[in-house]
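Dear colleague,

Please find the structure we discussed directly below. A written account of the findings follows it.

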Amino acid sequence: MSDEAVARLLRSREPLVIIEAAAGCGKTYQGASYAQEVVKSLGDGRLLILTHTHAACSVFADRTRAAGSRVEIKTIDALIAQIALAYHQPLNLPRDLTAWAWRNGGEGFEIMAAKVSGFLRVQPMVARALACRYPVIICDEHQDSSVDQHGVVMSLLSAGAKVRIFGDLMQRIYGAKSNKAVLEDRARWEALKTSGASERLITPHRWEGGCLRLGAWVIKARQSLEQGTPIDLADNLPPSVRVLEGNDISRTRTGYQLSKEHRAPIDKVLRSNPQMMILASQNDLVTALRAFWRRTVPIWEGHTREALGALVQTLRDGHGNAEAMAQGVITFMGSVAVGFNPSSHGDRLIQEIRAGAVRPTTGKPAHIQAIARCLLNDPTHSGVSKALSKISDLVKEAASGFDTVKIDHRSELRDAVRIGQFEGADEGFAEVSRMRSYSRLSPPQKVLSSIHKAKGLECDHAMLMACDTAQFTSTLYAKSKLYVALSRARKSLTLVVSTSCPSPLFKLP
């Protein structure tokens, strides 16, 4: 369907409109343009844009800036948390939802979604109140919604809100990874399309200001993935798609190393481009690539950072217990840095805690003892903040025993230190989370990122490492993750492929 026809459908009286749009085909432009136009007719109401990533929130914020506060932009999790906080007592949920939701790897978000979805079904007056506040709702990347997240949106539709849904099944990278789960999600999406008016956006606008041949190649690659055939890297590649060989010769599971022959052209690509987003399939590989480039390329931490949520849970559960606080510090530092682990620092820190940190010592043991005293003197979130601040200072000073500690997630460490400024860990975590939500940060010009954290972003130049069978298998989930990575760049794309263990998703030269 043409862009003009989709624009008319969005502005129609249809209560539910579903627009399918491949990456770069203008869904953000269409959604933002519609939002800025329709908000003028909403009276006292506001238009609500729901996304699945904070990166997407930032993009929509830029595109709808002229509408001001009449447009609210938040993640679907943030909307659910807003409802859950207002009705936490009947939902039997704690008031400190922000910290609670991150327990056990963030399972609280799923619990909240299930409870809120059920609550809106049996309390339609709450849904009607929300529909009055938000008479028009735009849902971005809705293919990533869980059953309960979708249920919340459908309750608002039933309560009278107009709902405009954008999605693309080939970009589904959140949720369960099994083929069975992916197929179930696809079946739900097809059923959703029959319940409203649906159309597709097909014009690849993302590459109009970059490289049109790259855009055409990405569309062809998408077709290959959908049809179950390998992406052809052997023939008819546009100049904007570069294929480099890179066989990992690291002997460790979490390492990444290339021969000089393979590394040289990769380094040249990084040096020759003023901007480069280096994408990796897994967080472990992002960390390994950080070391591969000797920490000259920063990691894009994004908004969702699990390490701090896990630390806050430890602070709550182990409050008053210095050894528990020390274990939290050790685990947290292992998540945000390299060179700080149980054998290098943690075991000695626990020994000092148990011995009272009173035995005279010098050098590295004395520094660890100083960290232990922070926790012994104040076995609370405040003491942990002081201990982490001490570690940060020792790393900056390259102090004895800390000169080999390298901080990879600096924002996460700074936020953990900031929590000590608040009365309690939960209050600090809630404020840090709020500030993250409104910060709207953008990645540095040259940056390492997981594919998940790059979703919703675009860049001029991207490099995907490593295209091997360990990172990209033949599952439906792997195909979607690969497509998301391939479609980020506007001007050039570099693929580092393995010939020793090639991904089945590529046909190599």
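The buried residues of helix α1 pack against β1 (16–21), α2 (27–38), β5 and β6 (197–201), where contact means heavy atoms within 4.5 Å. Helices (H or I, at least four residues) and strands (E, at least two) are DSSP runs, numbered from the N terminus. The residues in question are Asp3, Ala5, Val6, Ala7, Leu9 and Leu10. Because six of the eight residues of α1 (residues 3–10) are buried, this helix is largely enclosed by the rest of the structure. Buried means under 20% relative accessible area, exposed over 50%, and partly exposed in between, with a 1.4 Å probe and protein chains only.

Please note that this is a predicted model, in which local features need pLDDT of at least 70 and side-chain atom pairs count only at pLDDT 80 or more, while totals for chains, interfaces and linings use all residues. Residues are numbered from 1 along each chain as its sequence is written, and side-chain values use heavy atoms, with hydrogens and water left out.

Strand β2 (residues 47–51) runs parallel to β4 and is joined to it by four bridges; two strands are taken as paired if DSSP finds at least two bridges between them. Within this pairing, leucine 50 stands opposite cysteine 139. Strand β5 (residues 162–167) also pairs with β4 in the parallel sense, over four bridges. There, isoleucine 137 has valine 163 of β5 as its bridge partner. Between β4 and β5 the chain passes through helix α8 (residues 147–158), and this β-α-β crossover is right-handed. A crossover is given that name if, with the strands pointing away from the viewer, the path from the first strand over the helix to the second runs clockwise.

The five-stranded sheet

An open sheet of five strands has the order β8-β14-β13-β9-β12, with parallel pairing. β8 and β12 stand at the edges with a single partner strand each, so one side of each is left without a neighbour in the sheet. On average, neighbouring strands of this sheet are turned by 20 degrees against each other, direction ignored. Axes here are lines fitted to C-alpha atoms, for helices over the stretch in contact, and angles run from 0 to 180 degrees between N-to-C directions. β8 pairs with strand β14 (residues 489–497) in the parallel sense over five bridges, and leucine 244 has valine 496 of β14 as its bridge partner. Helix α11 (residues 260–272) lies across β8, β9 (276–280), β12, β13 and β14, and runs at about 145 degrees to β8.

A helix pair

Helix α13 (residues 306–317) packs with helix α18 (residues 410–418) at an angle of about 25 degrees, and their axes are 9 Å apart. The two helices are therefore roughly parallel to each other; angles under 35 degrees count as roughly parallel, over 145 as roughly antiparallel, 65 to 115 as roughly perpendicular and the rest as oblique. Glu306, Ala307, Leu308 and Leu311 of α13 make the contact with Glu412, Asp415 and Ala416 of α18.

Individual residues

Most residues other than glycine have a negative phi, and most peptide bonds are trans. Asparagine 92, in the loop between α4 (76–86) and α5 (97–101), has a positive phi near 60 degrees. Its relative accessibility is 62%, so asparagine 92 counts as exposed. Asparagine 236, in the loop between β7 (231–232) and β8 (241–245), has a positive phi near 55 degrees and is exposed, with a relative accessible area of 69%. The peptide bond from methionine 465 to alanine 466 is cis, with omega near -10 degrees, and alanine 466 lies in strand β13 (residues 459–467).

Two serines complete the account. Serine 442 lies in the loop between α19 (425–439) and β12 (446–450) and is exposed at 59% relative accessible area. Its C-alpha atom is separated by 8.1 Å from that of alanine 55, which is 387 residues away along the chain. Serine 480, in helix α21 (residues 476–486), counts as buried at 1% relative accessibility. Not counting residues up to four places away in sequence, serine 480 touches Leu169, Met170, Arg172 and Ile173.

With kind regards
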